[in-house]
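I opened this notebook to keep a record of what I looked up, in the order in which I looked. Each entry takes one place in the structure and sets down what I found there.

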Amino acid sequence: MSASTPPPPGQAEACRTGLPSAAAINSRHPFRPSRYHRPAAVAEAVELLDRHGPEARVIAGGTDLLLEAAPGVAVLVDANGLGLEGVRAGDGAVEIGATTRFAEIAASPLLQAAPYRALAQAAAAMGTPQIRNQATIGGNVCSAVPCGDSLPALLVLDAQLTVTGPSGERSVAVADFFRGARTNALGRGELLTGIRLPAHPGGTASAFVKKGRVAVGDLAVVNVASRLGLDGEGRCVDPRVAVGAVAATPLRLRGSEAALDGQPLRDEVLRRAAERAVDGIRPIDDIRASADYRRALVRVLVPGTVGDAAAAAGREQASSVPRPARGGP
Amino acid sequence: MDVSFQVNGRRRCVSARPHDRLVDVLRDDLGLREVKLSCGEGLCGACTVLVDGRPVSACMMLAVRADGAAITTVRGLAPDGELHPLQAQLIERGAVQCGYCTPGMILSAHALLERRSDPTEAEVRGALSGNLCRCTGYQQIVEAVLATARERRGAEPT
């Protein structure tokens with residue numbers, strides 16, 4: 001039994017059985033960037049991206065990049081050395097660095113608080129524990145995949161994205177960032193550097209749910225996020241509902257929001273919100289589920305997350321009622 | 001390009017191309033075949049290693065990104081050939097059949113026990129949720145992890 005074609009110089013040799021080694025198999029993979037840079041400052045990263053244009057891709061966790069395996073990628077610009085990690089509170093808002101890992105987002109006490117919890121729940125539902133230790137929220141947002149788990153949560157939280165490029169810094173509403181499947185609003189040389197979650201009034205709460213074929217590790221068949229507040233009479237204030245994996249981009253469900261706005265969250269209101277939830281969604285049949293099943297899921301998951309958010313908002317209200325002073329009448 | 005990192009406490013240097021995966025560099029360049037390769041897309045966890053103490057799927061990490069990191073494979077948990085308590089419990093409880101998922105399982109479990117001394121069953125299952133096993137049905141693996149946690153706390157492993 002003769003060995004297979006000798007491996008190219010510098011490459012691992014075939015293993016003892018004569019079969020090619022994993023590295024040899026891997027060398028036939030289309031993803032073959034030839035240059036890797038690890039800039040130490042955002043300005044340097046911007047310069048590299050501007051210089052190389054579509055040939056260059058940012059790598060943070062790399063978990064989507066390696067799956068996408070795009071053959072035209074020649075230059076990798078590593079974003080991990082740019083100091084863009086961390087979740088911080090600042091003038092009522094929450095700032096999240098673009099290269100913050102999903103594991104950190106899921107565990108963040110700031111993001112587990114009721115108004116922002118949809119994002120912590122989304123982060124905990126994404127991938128596997130191993131992937132969550134690598135994948136970043138910036139990568140998830142810029143991948144602009146229809147089923148991205150952080151995307152519906154960011155939509156209902158009115159996130160503002162900080163983008164830095166050759167002309168400086170600009171702020172983009174997350175709702176304006178997704179142009180199509182895997183198509184974002186970044187221009188040449190631009191890099192997502194941060195995500196800002198605006199302050200939400202007290203008594204606001206959000207919730208997220210993801211359904212895949214299996215409990216962990218699958219891409220979403222449907223994912224849904226809701227955010228709302230409750231007024232003194234238990235009526236819904238400023239509701240937001242967003243859904244992913246049912247169109248080329250994540251969508252706000254304006255019909256459901258209209259059905260909820262100003263209403264007490266009784267069964268018939270939730271039913272109306274569920275009926276309106278399928279307005280404007282465009283699910284497809286794919287390997288994970290049929291369009292019909294996705295529509296059925298949306299009708300159930302929307303009132304479900306609205307109910308969860310409302311329960312949390314109710315608890316927020318109850319806990320903020322001032323208690324009588326000790327020794328009072 | 002030259003990449004230098006620690007593996008199981010020992011400094012190693014390799015020459016890696018930008019697209020080389022950490023799993024291939026560990027297995028083929030460094031001969032660390034205890035790191036298994038299965039799905040190659042970050043779902044099964046067979047290739048799990050610890051990078052700076054955190055479980056990572058080595059098939060989804062580029063080797064160039066490991067520069068300066070401290071990597072632990074299952075070999076690093078049993079220096080001098082003495083079984084790590086997790087390994088002993090897995091063997092004791094019949095939680096190893098083909099053994100292919102086992103190195104990854106051990107590292108994910110070890111990372112959990114380093115930060116939670118008294119995990120619930122749900123927390124153990126959550127920590128192992130990125131490690132797939134086709135043989136055992138997970139029950140004995142979970143029991144072995146819980147028993148190791150009890151042992152470390154000085155309680156009866158039962």
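**Entry 1, Asp52(B).** I began with Asp52(B), which is partly exposed at a relative accessible area of 46%; here buried stands for under 20% relative accessible area, exposed for over 50%, and partly exposed for what lies in between, with a 1.4 Å probe and protein chains only. Asp52(B) sits in the loop between β3 (48–51) and β4 (54–57) of chain B, where helices (H or I, at least four residues) and strands (E, at least two) are DSSP runs numbered from the N terminus. Its phi is positive, about 50°, although Asp52(B) is not a glycine.

**Note on the model.** I am reading a predicted model, in which local features need pLDDT of at least 70 and side-chain atom pairs count only at pLDDT 80 or more, while totals for chains, interfaces and linings use all residues. Residues are numbered from 1 along each chain as its sequence is written, chains are lettered from A and ligands numbered from 1 in the order in which they are written, and side-chain values use heavy atoms, with hydrogens and water left out.

Asp80(B) lies in the loop between β5 (70–72) and α2 of chain B, and with a relative accessible area of 81% it is exposed.

Is Ile71(B) buried or exposed? At 2% relative accessibility, Ile71(B) counts as buried. Leaving aside neighbours within four places in sequence, I found Ile71(B) in contact (heavy atoms within 4.5 Å) with a list of residues that includes Phe5(B), Val7(B), Leu22(B), Leu26(B), Val49(B), Val51(B) and Ala66(B). I also noted that the C-alpha atoms of Ile71(B) and Val25(B), 46 residues apart along the chain, are separated by 12 Å.

Which residues of helix α2 (residues 85–92) of chain B are buried? They are Leu86(B), Gln87(B), Gln89(B) and Leu90(B). Seen down the axis of α2(B), these buried residues fall within an arc of 165°, so they line one face of the helix; the arc is that of the directions from the helix axis to the C-beta atoms. On the face of α2(B) turned away from its buried side I find the exposed residues Ile91(B) and Glu92(B). The cover over the buried residues of α2(B) includes α3 (102–115) and α5 (139–152) of chain B. After α2(B) comes Gly94(B), whose phi is positive, near 65°.

I followed the cover to helix α3 of chain B, in which Thr102(B) is found. Thr102(B) is buried, with a relative accessible area of 11%, and, leaving aside its neighbours within four places in sequence, Thr102(B) is in contact with Leu90(B) and Val96(B).

Among contacts in chain A between residues at least 6 apart in sequence, 59% join residues at least 24 apart. As one place to look I took Ala144(A), in the loop between α8 (137–143) and α9 (150–156) of chain A; Ala144(A) is buried, with a relative accessible area of 1%. Beyond its neighbours within four places in sequence, Ala144(A) is in contact with Phe178(A), Gly180(A), Ala181(A), Arg182(A), Thr183(A) and Asn184(A). Ala144(A) and Asn184(A), 40 residues apart in sequence, are 6.0 Å apart in space, C-alpha to C-alpha.

Last, I looked up the interface, to which chain A and chain B bring 32 residues each. The area buried between them is about 2,400 Å², of which carbon and sulfur atoms give 57%; buried area is the accessible area (1.4 Å probe) that two parts lose on being put together, summed over both. Across this interface the rule finds one salt bridge, a side-chain nitrogen of Lys or Arg within 4 Å of a carboxyl oxygen of Asp or Glu. The side chains of Asp78(A) and Arg65(B) meet in a salt bridge, at 3.7 Å from N to O.
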